[in-house]
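Hello,

Here is the structure you were waiting for, with the sequence alongside. My notes on it follow below.

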Amino acid sequence: MPGIRPAPGEIPQKAMAYILQGLCTISYGEMVLVAQDGVLMQVEWSEKKRLDCWHDTEDAKPPYPERVLTELAARIRKEFRLLQYGRLVLVIRKGRLMQIERTEKQRFTGLDGEGI
């Protein structure tokens with residue numbers, strides 16, 4: 001049975017829990033939220049193992065305080081709401097969210113060639 005489709009601009013609580021878990025787990029890498037018609041369609045997660053920092057992975061990194069996770073979730077939701085088609089990329093370095101990149105795709109119709 002297919003899942004319930006979220007409303008445009010919304011990140012369901014279960015998806016946000018998964019995103020926050022990734023932010024708490026990944027040391028180096030990124031998470032990608034993909035939007036179509038403003039709807040969250042998928043979350044991709046990739047982790048990189050930097051050889052020059054391999055010894056850092058043995059040490060448990062301190063968890064984000066609950067207040068910080070709440071603020072990050074609000075910021076991610078805010079940025080995602082602005083996205084109709086495209087990707088929101090959460091870049092993680094040294095176990096911390098370092099930047100958010102928003103790439104929007106726009107389709108043009110009625111032009112020669114019907115679209116991009």
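**What the model shows**

The chain has 116 residues, and 34% of them count as buried. Please keep in mind that this is a predicted model. Its secondary structure amounts to 2 helices and 4 strands, and these follow one another along the sequence as α-β-β-α-β-β. Among contacts with a separation of 6 or more, 56% are between residues 24 or more positions apart.

**The sheet**

The 4 strands make an open sheet, ordered β2-β1-β3-β4, with antiparallel pairing. β2 and β4 (96-104) are the edge strands, each pairing on one side only. From one strand to the next the twist averages 15°.

β1 and β2 (residues 39-47) run antiparallel and are joined by 8 bridges. Within this pair, V32 is opposite E44 of β2. The hairpin of β1 and β2 has 2 residues between the strands, and D37 there has a positive phi near 55°.

The pairing of β3 with β4 is also given by 8 bridges in the antiparallel sense. Here L88 stands opposite R102 in β4, while R87 has T103 of β4 as its bridge partner. In the hairpin of β3 and β4 there are 2 residues between the strands, and K94 takes a positive phi near 50°.

**The helices**

How do the helices sit relative to the sheet? α1 packs on the sheet and touches β1, β2, β3 and β4, with its direction at about 20° to that of β2. α2 lies across β1, β2, β3 and β4 and runs at about 10° to β4.

α1 has 13 residues and spans 18 Å from its first C-alpha to its last, close to the 18 Å expected at 1.5 Å a residue. Which residues of α1 are buried? They are A15, M16, I19, L20, G22 and L23. Seen down the axis of α1, the buried residues fall within an arc of 155°, so they line one face of the helix. The general rule behind such a pattern is that an α-helix has 3.6 residues a turn, so residues three or four places apart point the same way. The buried residues of α1 pack against β1, β2, α2, β3 and β4. On the face of α1 turned away from its buried side are the exposed residues Q13 and K14.

**The core**

The largest nonpolar core has 23 residues. Those with the most contacts inside this core are I11, I19, L23, L33, I76, F80 and L90. The elements that give two or more residues to the core are α1 (13-25), β1 (29-36), α2 (66-81) and β3 (86-93). Of these, α2 gives the most, with 6 residues.

What does I76 touch, leaving aside its neighbours within four places in sequence? I76 is in contact with I11, M16, I19, L23, L33, L88, L90 and I100. Some of these residues have come up already: M16, I19 and L23 are among the buried residues of α1, and L88 is the residue opposite R102 in β4.

If you want one place to start when you open the model, I76 is among the residues with the most contacts inside the core.

Regards

Definitions and conventions:
Residues numbered from 1 in each chain as written. Predicted model: local features only at pLDDT ≥ 70, side-chain atom pairs only at ≥ 80, totals over all residues. Heavy atoms only, no water. Core = buried A, V, L, I, M, F, W, Y, C linked by side-chain atoms within 4.5 Å. Buried < 20%, exposed > 50% of the residue type's maximum accessible area, 1.4 Å probe, protein only. Contact = heavy atoms within 4.5 Å. Pairing = 2+ DSSP bridges. Axes fitted to C-alpha atoms, helices over the stretch in contact; angles between N-to-C directions. Expected span 1.5 Å × (residues − 1). Arc of directions from axis to C-beta.
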